[in-house]
Amino acid sequence: MTATICDSVAAAVEGVADGSTVLIGGFGMAGMPVQLIDALIEQGATDLTVVSNNAGNGDTGLAALLAEGRVRKMVCSFPRQSDSWVFDGLYRAGRIELEVVPQGNLAERMRAAGAGIGAFYSPTAVGTPLAEGKETREIDGRTYVLELPIRGDVALIGAHRSDRMGNLVYRKTARNFGPVMATAATTVVAQVSEVVETGALDPESVVTPSIYVDRVVQV
Amino acid sequence: MSLSKHEMAELVARDIPRGAYVNLGIGQPTLVADHLPEGSGVVLHTENGMLNMGPAAAEGEVDPDLTNAGKIPVTELPGASYFHHADSFAMMRGGHLDVCVLGAFQVSATGDLANWHTGAPDAIPAVGGAMDLAIGAKSVFVMMTLFAKDGSPKLVPRCSYPLTGVGCVDRVYTDVATFDLGPDGVVVRETHGMSYDELADRLEVPLRQS
């Protein structure tokens, strides 16, 4: 089924259940779907596991969701930043769980989920605390660590344009995790700057094909 | 005289082959970009999905959709390309990058790298792309001061901080000397304001002269 073009961000995040795993795009604020996150705060889902590269910047977007106490666990590569005071406070107060994942493994674990791969061996983190307790295997003289897929119930991503079927194009480094997360969740929601007529996007330039996208909202 | 950060960056830039694909991580190593010679043809990779990244954006040309790994607004050069995160890290892990330059808390004589976490009980661990870069690039250069603020050496027999990667560092540029790490042990390439004998005296790792 092709994507539904929603007429509000509230409609775009309808039905997110308590306890869901939510993949949230963005690298810092580039590509972060701020309006969808604001709508999720309004919608009220709680006890969430959030997978995102960072753990919020400043007081808006993901930081606002964290500040509302809706997130039980954060899975990310780089929580600590100069402007991550919301997360830092929750973490130091013992009010949030944290799983730190090397950035490439984070992306690849979602790629694996979206591609139907059961697990993969990665050379990243071998011999470090982040590989402790994980299965390792030597292949052609090199040691690898077994990494499992990360699948979301919902993905919230930011893209540049969508057509009415849900084909997406991105803009510059705001692309980051969007295309990977779009493959790895049951319900994929994209906020875009513009929805154009089907046929208006150059098929050669489509980055996320419509098959992955469930809901689109123009913000 | 020991070297300033910019002088260290200049030395690193001098040793990067023409036309190489290079990742400069975040923080101090990004200074290397300012010292690449005109026409070097070096292509900078940034982990958040771009090749042929240009210099930092000047006031008035800031685009929130175009940042580097440190989230600083940057620019694009002709021949730039954009790609998603899984592809960006496949470039690292797959051995496609020629050089990466990273900062470090400690490097061991056998090339172990510690640069992501102090292990202090109140520290919030954050690794970003450091572990992927450390094991991925064909050559891994470290740029750091040789001694910590308390005077203790950062080139050590064995890292006491949590590791980022095992046996991954090829060369260490410091303010007082440059070292090659490899099958021949720790080889001193050049020194800056400190004699070989003083270096050998202050470090707890066996050294060889090149």
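Colleague: How many residues of chain B are in contact with chain A?

Modeller: Happy to start there, bearing in mind that this is a predicted model. On the chain A side, 35 residues take part. The number in chain B that are in contact with them is 30.

Colleague: Which helix supplies the largest share of the side of chain B that touches chain A?

Modeller: Two helices of chain B, α2 (85-93) and α3 (130-136), each give at least two residues to that side. The largest share is five residues, and they come from α2(B).

Colleague: What radius of gyration does chain A have, and what would a compact globule have?

Modeller: Chain A holds six helices and 12 strands, and its C-alpha atoms fill a box of roughly 50 × 45 × 30 Å along the principal axes. For 219 residues, a compact globule would come out near 17 Å. Chain A agrees with that, at 17 Å.

Colleague: What percentage of the residues in chain A are buried?

Modeller: Let's look at the contacts too: among those in chain A with a separation of 6 or more, 77% join residues 24 or more positions apart. Of the 219 residues in chain A, the buried part is 53%.

Colleague: Which residues touch the most other members of the largest nonpolar core?

Modeller: Good one to finish on. That core has 126 residues. Leaving aside neighbours within four places in sequence, A:Ala155 is in contact with residues including A:Leu23, A:Met181 and A:Val189. The residues touching the most other members are A:Ala155, A:Met181, B:Val12 and B:Val142.

Definitions and conventions:
Residues are numbered from 1 along each chain as its sequence is written. Chains are lettered from A and ligands numbered from 1 in the order in which they are written. This is a predicted model: local features need pLDDT of at least 70, side-chain atom pairs count only at pLDDT 80 or more; totals for chains, interfaces and linings use all residues. A nonpolar core is a set of buried Ala, Val, Leu, Ile, Met, Phe, Trp, Tyr and Cys residues joined through C-beta atoms within 7 Å. A residue is buried if 20 or more other C-beta atoms lie within 10 Å of its own, exposed if 12 or fewer, and partly exposed in between; C-beta atoms are placed from the backbone. Two residues are in contact if their C-beta atoms, placed from the backbone, lie within 7 Å. Helices (H or I, at least four residues) and strands (E, at least two) are DSSP runs, numbered from the N terminus. The radius of gyration is taken over C-alpha atoms; the globule rule is 2.2 Å times the number of residues to the power 0.38.
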